[in-house]
Amino acid sequence: MNDEIKIESTVLIKEKIKEPGFYRVLLLNDDITTMDFVISILIEVFHKNYKEAEIIMLTIHTQGSGLVGTYTYDIAATRCKKVEMLAQENGFPLKCIMEKE
C-alpha cells in the first residue's frame, strides 16, 4: 500500500498597485524670452490652444511663474527637456521646472 499524503494549498497574493506620482510643470519668467515664444512653446509642447496659452503666458509674465500642467514623471521630464532644448536653439533662457504634487 502506498501511503501518500497530498496537501493542496491556495495562496492568495494581494499586490498593491501604486499609482504613479504626479508632477506640476511650471515655466519661469525671465527678462529675455519673448511672449510670442512662450505662447508657441505652450501650444507646441503642452498642446494648449491660443487663448489658454495667452492666459498662461500672462500669468508667467505677471507672477514670475505659471502652471502649464500636471503629468506623470516621465511626461513632465520629457516636456521640460523639450522646452529647454527649444529655448536654447532659439537663444532664450526660458526655464521649465517640475514639482512633485
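Residues are numbered from 1 along each chain as its sequence is written, and side-chain values use heavy atoms, leaving out hydrogens and water. Because the model is predicted, local features need pLDDT of at least 70 and side-chain atom pairs count only at pLDDT 80 or more, while totals for chains, interfaces and linings use all residues.

## Fold

The protein has 3 helices and 3 strands. Both are DSSP runs numbered from the N terminus: helices are H or I with at least four residues, strands E with at least two. From the N terminus, the elements run β-α-α-β-α-β.

The strands form an open sheet in the order β2-β1-β3. Their pairing is antiparallel; two strands pair if DSSP finds at least two bridges between them. Strands of a sheet pair through backbone hydrogen bonds. β2 (65–72) and β3 (95–100) are the edge strands. Each has a single partner strand, so one side of each lacks a neighbour in the sheet. From one strand to the next, the twist averages 30 degrees.

Strand β1 (residues 22–28) is joined to β3 by 6 bridges. Helix α3 (residues 73–89) packs on the sheet and touches β1, β2 and β3. Contact here means heavy atoms within 4.5 Å. The direction of α3 makes about 165 degrees with that of β3. Axes are lines fitted to C-alpha atoms, for helices over the stretch in contact, and angles run from 0 to 180 degrees between N-to-C directions.

Sequence separation is marked in the contacts. Among those between residues at least 6 apart in sequence, 72% join residues at least 24 apart.

## Salt bridges

The whole structure holds 2 salt bridges. The criterion is a side-chain nitrogen of Lys or Arg within 4 Å of a carboxyl oxygen of Asp or Glu.

| Salt bridge | N to O distance |
|---|---|
| Arg 24 – Glu 99 | 3.3 Å |
| Lys 51 – Glu 54 | 3.6 Å |

Arg 24 and Glu 99 link distant parts of the chain. Arg 24 is in strand β1 and Glu 99 in strand β3, 75 residues apart. Glu 99 is also the bridge partner of Arg 24 in β3. Arg 24 is partly exposed at 29% relative accessible area, and Glu 99 is partly exposed at 35%. Buried means under 20% relative accessible area, exposed over 50%, and partly exposed in between (1.4 Å probe, protein chains only).

Lys 51 and Glu 54 both sit in helix α2 (residues 50–63). They are 3 residues apart, which means a separation of about one helical turn. Lys 51 is exposed at 53%. Glu 54 is partly exposed at 24%.

## Aromatic pairs

There are 3 aromatic pairs in the structure. Rings of Phe, Tyr and Trp (its six-membered ring) pair if their centres lie within 6.5 Å; planes under 30 degrees apart count as stacked, over 60 as edge-to-face and the rest as tilted.

One of the pairs, Tyr 23 with Tyr 73, is edge-to-face. Its centres lie 5.3 Å apart, with 70 degrees between the planes. Tyr 23 lies in strand β1 and Tyr 73 in helix α3, so the pair ties together parts 50 residues apart in sequence. Tyr 23 is buried at 17% relative accessibility, whereas Tyr 73 is partly exposed at 45%.

Phe 46 and Tyr 71 form a tilted pair, 6.3 Å centre to centre with 35 degrees between the planes. Phe 46 is in the loop between α1 and α2, Tyr 71 in strand β2, 25 residues away. Both residues are buried.

## Core and loop

Of the 101 residues, 29% count as buried. The largest nonpolar core has 23 residues. Such a core is a set of buried Ala, Val, Leu, Ile, Met, Phe, Trp, Tyr and Cys residues joined through side-chain atoms within 4.5 Å. Val 25, Leu 27, Ile 41, Leu 42, Phe 46, Val 83 and Leu 94 touch the most other members. β1, α1 (35–44), α2, β2 and α3 each give two or more residues to this core.

Leu 42 touches residues including Leu 27, Ala 53, Ile 56, Met 57 and Val 68, leaving aside those up to four places away in sequence. His 47 is among its contacts too.

His 47 is in the loop between α1 and α2. It is exposed at 59% relative accessibility. Its phi is near 60 degrees, a positive value in a residue other than glycine. Most residues other than glycine have a negative phi.
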